[in-house]
Amino acid sequence: MLTKISQGLGILPIVVFLIFLKRNNKKGEWVIFLYCILSFITDQIYGFLKAKNYTFSVFSSFTFVEYALFSLFIYLSLKEKAFKVILIICSAIFYGITIFTFAGKRIDSFDSLSASFEASLMIVYCIFFLYERMKDPAIFYIYYFKDFWIIIALLLYFSSTLFLFIYAATFTSQEHRNYWGINNIFDILKTVLFTISFIMKDNNKKQEFSLGTSYNEM
Amino acid sequence: MILLQVTNPGSNVSLVLYFGTIGMLALTIGLIVFIIFHQRKVIRYQLRLQRLEHDQQKMLLNASIRLQEEERQRIAADLHDDAGPLLATARLYLNENLVNLDKTTQLQSIYNAKQIIDDTIQLIRNISHSLMPPTLKNFGLESAVNDLFQRSSGSGSMNASSRFHDYRERLQAENELIIFRVIQELVNNILKHSNASFIHLTQNTSGDRFFIRLHHDGRGITQADFEKLNKSNVGLGLKNIQSRLKVLHGKIFFEKDMSQTYYKVTIELDKEDEQDKLREGE
């Protein structure tokens, strides 16, 4: 049931993005839109690929592209050079591990190492982003920004699925059915938060305080 | 179903998975809540700061407007009470010439009218000098301050002296005027309120900083008093000093000397600001 809702709901951010196309004209938003399309297509063809026993390849490839898109989005949102450099170095390590795992033995149905490493890195990048925004004195209401909602979606999704991804490779079919609901719940939440972000108006201009009086009134 | 798995004592993996996920989720939600509350706290603090600054600006602006009005009233009073009657008297003497045909009386009344017109010229000159001292305009801050101190010393009740150690290059004319007005206000305050027997002014520079220090042995104020007076409705002169120095991005410090005998007032300015203004002017 949850799986079907999660798969069906994938269309929502795509439709909303296209409706509010004028509000979503930044590179970062296009990257997330691209991710939504990819995720929706993967969800739809997953059943077919699973039947052909391509589960490992599907998960690995999806992790590979998902990481690329999310890290690109965060890279575009970050301002501090040091954080960007860390992101590039970590990405190189991540891709090294993912390619190594992909090329190695494929005895498991799920690429736990890559997925959990991706989740850990994403949590760290999200913390970088939030720290940077907290430090910026010009930003008064962080939740007025579109990218804040995307980051919150990523943070909630990856922090709640981290442990699931660590153990996913060792799951039996029954355990997989029991626990995969966690992924579905937070996937739905992520989709909803992406949709909220696409609906929001662009508030990227620096907000200013107004006390309601000007010098003319003095 | 997840709970059923957790309650199974043999399932260590599910226990770690369950508590790990709950823990991570709690940490994430905690982090988000912390960020939002922290931001709200920062916003409240910044708003409070801005409101304080806004009130202070309003007070300074009011003080400067009031002072300007007082100055206008003083000039109006000088012109109305002194120049007006003098010119009216001169007119009366000249009128007399038309009526009186006696040569001696005519000469006498012309002489009287000339004397009155001379007095009026002197009066208008005094008013003009009080608006813009000619010494300051022609010879600079050092000469104008020396002049001011000589006049204060002239009464005999107080010993006033000044010494400029490093004033080879004059500041911009409008900045000199602002500094001169501040010094004038400080000297006036000392004369009026402190009961001092001496005032000594020194000027020097240190790097890019320009300093003017005033010492006196009367009853003075400290920085805390200055800030208190600045926030209250009294102390118009001090607010005026503050608003003038704000234009120059300058600072003023009121303190008691280490020996606890003298009061010291230090005016500190940035010479770089002055150079920037000069460059803008060019």
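This is a predicted model: local features need pLDDT of at least 70, side-chain atom pairs count only at pLDDT 80 or more; totals for chains, interfaces and linings use all residues.
View 1. Chain B has 282 residues, of which 18% count as buried. Among its contacts between residues at least 6 apart in sequence, 62% join residues at least 24 apart.

**View 2. The side of chain B that touches chain A**. Here 25 residues of chain B are in contact with 20 residues of chain A. On the chain B side, the elements that give two or more residues are helix H1 (2-7) and helix H2 (12-99). H2(B) gives the most, with 22 residues. By type, the residues on this side of chain B are 14 nonpolar, nine polar and two charged.

**View 3. The crossing of helices H5 and H6 in chain B**. H5(B) covers residues 141-154 and H6(B) covers residues 173-194. Their axes come within 10 Å and cross at roughly 15°. An angle under 35 degrees counts as roughly parallel, and H5(B) and H6(B) are therefore roughly parallel to each other. Their crossing is right-handed.

**View 4. Residues in the contact of H5(B) with H6(B)**. From H5(B) come B:Leu141, B:Ala144, B:Val145, B:Leu148 and B:Ser152. They meet B:Glu176, B:Ile179, B:Phe180, B:Ile183, B:Gln184, B:Val187 and B:Leu191 in H6(B). The residues of this contact divide into nine nonpolar, two polar and one charged.

Methods:
Residues are numbered from 1 along each chain as its sequence is written. Chains are lettered from A and ligands numbered from 1 in the order in which they are written. Two residues are in contact if their C-beta atoms, placed from the backbone, lie within 7 Å. Helices (H or I, at least four residues) and strands (E, at least two) are DSSP runs, numbered from the N terminus. Ala, Val, Leu, Ile, Met, Phe, Trp, Tyr, Cys and Pro count as nonpolar, Asp, Glu, Lys and Arg as charged, and the others, Gly among them, as polar. Axes are lines fitted to C-alpha atoms, for helices over the stretch in contact, and angles run from 0 to 180 degrees between N-to-C directions. Angles under 35 degrees count as roughly parallel, over 145 as roughly antiparallel, 65 to 115 as roughly perpendicular and the rest as oblique. A crossing is left-handed if the near helix is turned anticlockwise from the far one by less than a right angle, and right-handed if clockwise. A residue is buried if 20 or more other C-beta atoms lie within 10 Å of its own, exposed if 12 or fewer, and partly exposed in between; C-beta atoms are placed from the backbone.
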